[in-house]
Amino acid sequence: DKPDCLTHKVGGRFVPVSTTEVVDRVQRLHKALGEIGVAPGDKVALMAENGVHWPTIDFAVLCRGAVLVPVYPTLTPNQAAYIINDCGARVVFIEGRERLDSILAVRDQMPEAERFVVIGEQGSDSVPSLEDLIGSVAAPDVEEFEATARACKPEDLATFIYTSGTTGNPKGVMLNHRNIVSNVHGALEMIDLNGSYTALSFLPLSHSFERTLDYIYFYRGCPIAYAESVQKVAENFGEVRPHIFVSVPRVYEKILGKVREKVAAGSGVQQKIFAWAEGVAKQALPYRLKQQTPSGLLGVKLALADKLVFGKLKDRLGGRFQFAMSGGAPLARDLAEFFWGAGIEIYEGYGLSETAPVLTVNAPGAVK
């Protein structure tokens with residue numbers, strides 16, 4: 001029972017939510033969903049940014065035996081309406097008043113959608129809020145929750161994840177509970193996690209990559225901190241001080257770009273020290289990839305480079321960094337070599353939404 005199971009930004013600071021509170025909210029929402037008629041197999045759409053509300057709705061829907069359908073919050077109203085209609089969602093959760101109003105303006109395109117629920121705003125008689133639903137339950141029915149959750153079979157559908165193909169409208173990838181669970185177990189066989197690590201989550205949970213990683217964090221008991229946005233990630237590193245995180249190559253490019261900008265703006269001596277440290281890192285790369293420390297003169301040089309240069313880079317990541325992962329696009333070789341040489345381990349993975357999503361991944365001691 002961790003006091004900081006989840007963390008999110010409220011009023012300018014990160015506020016923790018305990019395991020007990022998360023479980024209580026999931027169980028209350030689960031009961032409320034049953035009371036409004038959500039049955040096993042029903043589709044429930046969720047259009048929202050990352051936050052504590054995301055796993056609350058996700059787990060409540062899955063444990064009800066229903067199918068969660070994420071909708072990217074960046075989609076236009078017509079694009080979102082297409083997905084909501086195509087999957088046949090009966091209930092739609094939407095974050096924010098402006099986004100809700102834009103979707104309601106095209107409600108005629110979603111004839112099967114019976115109920116809309118707003119997240120993070122005050123509800124009304126016609127559109128209740130997430131808090132209204134959770135608050136409508138005096139006490140969760142734990143026995144009914146357990147029975148409904150355990151009635152879910154491995155082959156039952158868990159989610160549709162819509163991906164934009166090369167032509168035409170987005171297609172819904174159908175994943176069952178076994179698909180997701182097997183991916184969680186398989187990934188942990190390659191890279192295990194320490195349950196005491198704090199993870200920073202900032203890739204969209206609407207995508208299968210971050211969502212499966214979040215399931216892995218929950219399974220291992222790692223506290224999850226939801227970043228404010230990708231734009232605020234650099235600031236959030238210092239506030240959350242994560243041990244692990246997952247990103248796309250573009251974020252690593254930006255981190256290295258800022259480092260090089262700072263070096264370029266420094267003195268000639270600083271630039272020479274940085275260039276020297278990069279040279280040492282390249283020499284030490286074969287050892288870093290095998291998680292070994294070189295001996296002799298190279299070992300001494302590397303220790304000095306870590307202290308003068310690379311340790312400061314780790315400080316920019318919060319000071320507790322252990323490792324990161326990269327996916328969604330190829331990680332450029334020069335990027336990977338720089339970070340590994342600097343002692344910042346980034347494990348690259350490859351997969352598809354259809355494979356829930358991880359197919360292959362580099363592992364400790366076996367990095368290509």
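Just after helix 13, Gly 343 takes a positive phi of about 85 degrees. Keep in mind that this is a predicted model.

- Helix 13 covers residues 333–341, and its buried residues are Leu 335, Ala 336, Phe 338, Phe 339, Trp 340 and Gly 341.
- The cover over those buried residues includes helix 10, helix 11, helix 12 (296–316) and strand 13 (346–351).

**Helix 10 against helix 11**
- Two of those covering elements, helix 10 (residues 249–264) and helix 11 (residues 268–289), also pack against each other, at an angle of about 140 degrees and with their axes 9 Å apart.
- Because of that angle, helix 10 counts as oblique to helix 11.
- On the helix 10 side, the contact is made by Val 259, Arg 260, Val 263 and Ala 264, while helix 11 brings Gln 271, Phe 274 and Glu 278.
- Sorted by class, this contact has 4 nonpolar, 1 polar and 2 charged residues.

**Glu 49, in a loop**
- You'll find Glu 49 in the loop that runs between strand 3 (43–47) and helix 2 (53–63).
- Glu 49 is partly exposed, with a relative accessible area of 38%.
- Leaving aside residues up to four places away in sequence, Glu 49 touches Trp 54, Pro 73, Glu 95 and Arg 99.
- Glu 49 and Leu 203 are 154 residues apart along the chain, and their C-alpha atoms are separated by 9.7 Å.

Terms used: Residues numbered from 1 in each chain as written. Predicted model: local features only at pLDDT ≥ 70, side-chain atom pairs only at ≥ 80, totals over all residues. Heavy atoms only, no water. Axes fitted to C-alpha atoms, helices over the stretch in contact; angles between N-to-C directions. Helix = DSSP H or I, 4+ residues; strand = E, 2+ residues; numbered from the N terminus. Parallel < 35°, antiparallel > 145°, perpendicular 65-115°, else oblique. Contact = heavy atoms within 4.5 Å. Nonpolar A, V, L, I, M, F, W, Y, C, P; charged D, E, K, R; others polar. Buried < 20%, exposed > 50% of the residue type's maximum accessible area, 1.4 Å probe, protein only.
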